[in-house]
Amino acid sequence: MSTFRGPAGPDEGAEQRSRRHRIAVLALPGVPPFELGIPSRVFGSAIDAEGRALYEIAVCTVDGGPVLSDAGFTVQPAAGPEALTEADTVILPPTHAMPELGRGGPLPPEVAAAIAGIRPGTRLVSICSGSYVLAAAGLLDGRPATTHWNLAPEFRRAYPRVKVDEEVLFVDDGDVLTSAGVAAGVDLCLHMIRRDHGAAVANRAARICVVPPWRDGGQAQFIDRPVPEPTLASTTATRAWALEHLAEPLTLARLAEHARMSLRSFTRRFRDEVGMTPVQWLTAQRLELAKQLLETTDLPIDLVAHRAGLGSGNSLRVHMRTAFGISPAAYRRAFGTGAPAGRREEARV
């Protein structure tokens, strides 16, 4: 009998259950309850058009016994390590009880044995510092990955073979996916649902969980940065001016001139205040304007691109596919005023 328990009703047969994607969530000692609960909540909200569950989720431990969470209460799992061998996806939430991993130390033998029992080809996922477990097992060597931004320097020292990017919410490297801190696990789970079953299913799951289906930006917006001294020059006025002139050519030199700074000082001050380069910020603002125009007007795609300062329609298509995974035309169909109200509501939430 399968160790997996999904949200399906008792009337569904074995054939239906066997079609579901099986997810094992490995609870290690010191697991934070919030991160542990993310996969069950988000994937448990993914249903097909007939309301049938698309995933089976099992919380397991390395020996089937209870583990103490970092909140001081015990987690009683539904399964033991056998769930890992049956899973199509294994998710590793953080653990706050293995400080040796922060120094590049080895996994405890029982954890290493449980990880080694995962079938080849199983999709591996970490939430927040669960990436330490994957890295300690050698599963992130040579791969791009992320973790909580505050842990990135330590993570680099402990696992120099991992290509760490602490400015993104998650990294999808095919069969290995890693997410940033805490709530970024929600973003990654929704991304996986979108990848597995499409945007409509992911949007529906997000709506059930009362979270946005997609968050723009990355961890950079949350990283602690020194607050600029009030006596020093600021880029605030230039950013406000740029928002009124997005359709015009806005070179770095023009922005620096408006701020009455040297190129070097302006670039440094801008990044300190905003958390990204001027070019990255401009692109993000132009895409936001393009989205507003697509939602609220019937302007041709080329004219939308021109008014947003993105040049041609082809340029807008490339930028939107890169940033949002959707074309301007598809975005307008989903979010525009001409889309059915129910569809717009589902897509927005």
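**Cavity, strands and aromatic pairs**

The largest cavity is lined by Leu169, Phe170, Asp187, Arg194, Pro213, Trp214 and Arg215. The model is a predicted one, and every value below is computed from it. The points are grouped by topic.

**Cavity**

- The count of cavities of 30 Å³ or more comes to one.
- The volume of the largest cavity is about 40 Å³.
- Its lining divides into four nonpolar residues, three charged residues and no polar ones.

- Strand E1 (residues 21-26) and strand E2 (residues 55-60) run parallel and are joined by six bridges.
- Within this pairing, Ala24 has Ala58 in E2 as its bridge partner.
- A right-handed β-α-β unit is made by E1, helix H2 (residues 33-43) and E2.
- E1 also pairs with E5 in the parallel sense, over three bridges.
- In that pairing, Ala24 stands opposite Val90 in E5.

- Strand E5 (residues 89-92) pairs with E6 over four bridges, in the parallel sense.
- Ile91 stands opposite Val125 in E6.
- E5, helix H4 (residues 109-116) and E6 form a β-α-β unit that is right-handed.
- E6 and strand E10 (residues 176-179) run parallel and are joined by three bridges.
- Ser126 stands opposite Thr178 in E10.
- In a regular strand, side chains alternate between the two faces of the sheet.
- In strand E6 (residues 123-126), Arg123 and Val125 point one way, Leu124 and Ser126 point the other way, and all are buried.

**Helix H4**

- Ala112 lies in helix H4, the helix of the β-α-β unit that E5 and E6 complete.
- Ala112 counts as partly exposed because its relative accessibility is 32%, between the limits of 20% and 50%.
- Ala112 and Val133 are 21 residues apart in sequence, and their C-alpha atoms are 9.0 Å apart in space.

**Aromatic pairs**

- A pair of aromatic rings is described by the distance of the centres and the angle of the planes.
- The count of aromatic pairs comes to six.
- The rings of Phe155 and Tyr159 have centres 5.2 Å apart and planes at 50°, so this pair is tilted.
- Phe266 and Phe270 form a tilted aromatic pair, with 5.6 Å from centre to centre and 55° between the planes.
- Both Phe266 and Phe270 belong to helix H11 (residues 263-274), where they lie four residues apart, about one turn of the helix.
- Phe266 counts as buried because its relative accessibility is 0%, and Phe270 is buried with a relative accessible area of 1%. The limit for buried is under 20%.
- Tyr132, Phe155 and Tyr159 are linked by ring pairs into a cluster.

Note on methods. Residues numbered from 1 in each chain as written. Predicted model: local features only at pLDDT ≥ 70, side-chain atom pairs only at ≥ 80, totals over all residues. Heavy atoms only, no water. Buried < 20%, exposed > 50% of the residue type's maximum accessible area, 1.4 Å probe, protein only. Helix = DSSP H or I, 4+ residues; strand = E, 2+ residues; numbered from the N terminus. Pairing = 2+ DSSP bridges. Right-handed = clockwise from strand over helix to strand, strands pointing away. 1 Å grid on protein atoms, 1.4 Å probe; cavity = no way out; pocket = protein on both sides within 12 Å on 5 of 7 lines; lining within 4 Å. Points joined across faces, edges and corners; volume = space filled by probe spheres on them. Nonpolar A, V, L, I, M, F, W, Y, C, P; charged D, E, K, R; others polar. Phe/Tyr/Trp six-rings, centres within 6.5 Å; stacked < 30°, edge-to-face > 60°.
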